[in-house]
Amino acid sequence: MIILTADEIRKVEEYEAKNGIDFLRLMENAGSACAKTIGDRIKEKYGAVEGRKVCVVCGKGKNGGDGFVIARKLHQSGAKVTVVLAAGMPAAGDAVTMFGRLDTFNIKTLKYGFDKPEALKAISDADAVVDCIFGIGFYGEANPVLSEVFGAVSESMGYKVSVDIPSGAETDTGDVAGVCVRADETIAITCLKPAHVLKPAAEYCGRVTVVKIGISQESMDCVEPKLLCEGEDEIASSFLRRNTLAHKNDFGHVLCICGSRNMPGAAVLSVTGAVRAGAGLVTAAFPSGAYNAIAPHLTEPLLLPLGDEKRKRVSIEDLDALRENMKKTSAILIGCGLGRSPESDALVYEIIKSSSCPVIIDADGINAVSDNINVLKEAAAPVILTPHPGEMARLLKTTVKDVSAHRYEYAENFAREYSAVVVLKSANTLVTDGRGKIYINRTGNDGMAKGGCGDLLAGITASHVAQGMSPLDAAVTAVYVHSAAGDAAAKRYSKHGMTPSDMATELALLLSKFE
């Protein structure tokens with residue numbers, strides 16, 4: 001599913017206005033489509049539109065123009081409509097025209113600056129409140145008066161609907177600097193925008209419904225969208241169908257070089273992710289000194305303890321033993337709970353340079369690479385890196401704040417420069433191979449902010465690669481199902497109480513959707 005930025009959707013609408021439907025008609029179509037959706041919600045909640053109080057709060061731009069159409073259409077459906085002008089009279093040309101069309105209808109219009117008590121009462125008493133104050137053009141922080149209006153809309157007991165973007169949220173960044181309308185539903189016109197998927201703005205959107213307003217495919221094709229958001233159907237198409245005559249070797253062999261004496265759980269979770277996601281065979285390679293902490297928790301995988309029982313971490317000394325195993329692997333995961341030492345770092349570098357199958361690098365594998373970044377250019381096979389913002393900051397020799405402010409740019413540029421797939425983890429994980437597309441994940445929740453979640457994701461990613469997905473598809477799909485497992489675990493247990501192990505259990509259940 002495509003996601004268009006503010007500039008991109010403007011270009012689409014401008015192209016359509018020149019070659020198809022003019023701006024005024026597009027506004028009429030947008031308002032009509034939104035009014036239908038709002039009417040449907042009122043019917044669901046109250047049984048009928050007739051007689052229900054609706055307050056449409058309008059700004060003075062094009063979003064307000066959409067609101068005037070919505071007011072007219074809902075009035076014609078029998079609703080008792082009040083329009084509140086939040087910022088004075090309309091100023092945009094088409095909005096002025098649509099406001100003028102209200103004159104022939106018995107629709108009460110209030111100016112917030114002059115009729116404040118009555119306007120606040122109309123907002124608070126409404127069965128449905130429609131936020132048409134700002135659309136895609138808002139940025140920064142609203143002034144005190146508009147902030148007051150935003151707050152009043154949010155506090156209304158009626159069903160709250162924002163048209164295109166909740167007022168107070170920035171479209172392209174998803175930032176919310178001040179007060180923002182908190183909607184029960186946001187109606188996205190034509191397509192999704194970044195604010196519909198990026199937090200914190202996404203948390204203000206409520207349910208997101210996309211409505212079409214007659215823009216042609218030719219007009220949509222006038223831009224090449226960079227941002228994409230995969231849904232369940234798209235994710236399902238990435239899964240390879242299983243054959244009833246298949247055997248374990250048909251589903252790949254993952255080698256997980258993970259864990260240390262101090263971090264045995266990382267090995268257990270990454271290996272569990274690889275097993276649960278469907279790999280035919282999984283080998284867990286770890287230092288023998290961690291055997292008693294790791295082995296009892298792993299029943300399905302093959303075990304490859306390395307070194308003597310005093311060994312705390314894997315080492316370059318283990319390379320020969322690992323190379324023998326690498327001859328039959330389809331994907332290698334290295335880094336989860338690895339720990340840091342010159343010897344373990346050296347092993348990471350050699351695995352990257354010598355592997356003939358894709359390598360997934362996580363955690364301390366990434367930290368090792370950050371001290372020898374050019375080793376990625378010596379990789380013999382595709383590489384996937386799964387950094388969180390702190391690890392990305394180390395890779396780029398910058399700060400977490402800087403990474404957070406330039407997530408798209410940094411992820412894409414890094415992936416392009418080092419010919420890798422980058423999975424930049426966060427509340428909205430990004431996946432890119434640096435070739436012009438960035439996938440934004442919408443699933444997941446803050447209950448996943450626990451140690452071990454990233455290890456599980458790395459294992460799932462390696463499993464998908466081993467089963468035959470391309471590195472990019474494997475990463476996108478792994479992020480989606482991992483977060484969906486997090487949502488399922490939060491629902492079954494709680495955000496506070498859920499664990500990565502719970503997510504692994506839920507993963508096994510939800511994958512039935514894709515078989």
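**Entry 1: two helices side by side.** I began with how H18 passes H20, and I found a right-handed crossing. The model I am reading is a predicted one. H18 covers residues 453-466 and H20 covers residues 500-510. Their axes come within 9 Å and cross at roughly 30°. Angles under 35 degrees count as roughly parallel, so I noted H18 and H20 as roughly parallel to each other. Which residues meet here? From H18 I listed Cys453, Leu456 and Ile460, and across from them in H20 I listed Pro500, Met503, Ala504 and Leu507.

**Entry 2: the whole chain.** Next I stepped back for an overview. I looked up 20 helices and 18 strands in the protein chain. The C-alpha atoms fill a box of roughly 85 × 50 × 45 Å along the principal axes. How much of the chain is buried? Of its 515 residues, 57% count as buried. I also checked contacts between residues with a separation of 6 or more, and 71% of these join residues 24 or more positions apart.

**Entry 3: aromatic pairs.** How many aromatic pairs does a search of the whole structure find? I wrote down eight. I looked up Phe68 and Phe99, whose ring centres are 5.1 Å apart with the planes at 55°, so this pair is tilted. Phe68 belongs to helix H3 (residues 62-76) and Phe99 to helix H4 (residues 93-100), so the pair ties together parts that are 31 residues apart in sequence. Are these two buried or exposed? Both Phe68 and Phe99 are buried.

I then turned to Phe138 and Phe150, an edge-to-face pair with 6.4 Å from centre to centre and 70° between the planes. Phe138 sits in the loop between strand E5 (128-132) and helix H6 (144-155), while Phe150 is in helix H6, so this pair ties together parts that are 12 residues apart in sequence. I marked Phe138 and Phe150 as buried too.

**Entry 4: charges over rings.** Last, I looked for charged side chains over ring faces. Which residue lies over the face of Phe23? I found Lys62 there, at 4.4 Å from the ring centre. Arg182 lies over the face of Tyr204, and I noted 4.1 Å from the ring centre for this one.

Definitions and conventions: Residues are numbered from 1 along each chain as its sequence is written. This is a predicted model: local features need pLDDT of at least 70, side-chain atom pairs count only at pLDDT 80 or more; totals for chains, interfaces and linings use all residues. Side-chain values use heavy atoms; hydrogens and water are left out. Rings of Phe, Tyr and Trp (its six-membered ring) pair if their centres lie within 6.5 Å; planes under 30 degrees apart count as stacked, over 60 as edge-to-face and the rest as tilted. Helices (H or I, at least four residues) and strands (E, at least two) are DSSP runs, numbered from the N terminus. Buried means under 20% relative accessible area, exposed over 50%, partly exposed in between (1.4 Å probe, protein chains only). A charge sits over a ring if NZ of Lys or CZ of Arg is within 6 Å of the ring centre and within 35 degrees of the ring normal. Axes are lines fitted to C-alpha atoms, for helices over the stretch in contact, and angles run from 0 to 180 degrees between N-to-C directions. Angles under 35 degrees count as roughly parallel, over 145 as roughly antiparallel, 65 to 115 as roughly perpendicular and the rest as oblique. A crossing is left-handed if the near helix is turned anticlockwise from the far one by less than a right angle, and right-handed if clockwise. Contact means heavy atoms within 4.5 Å.
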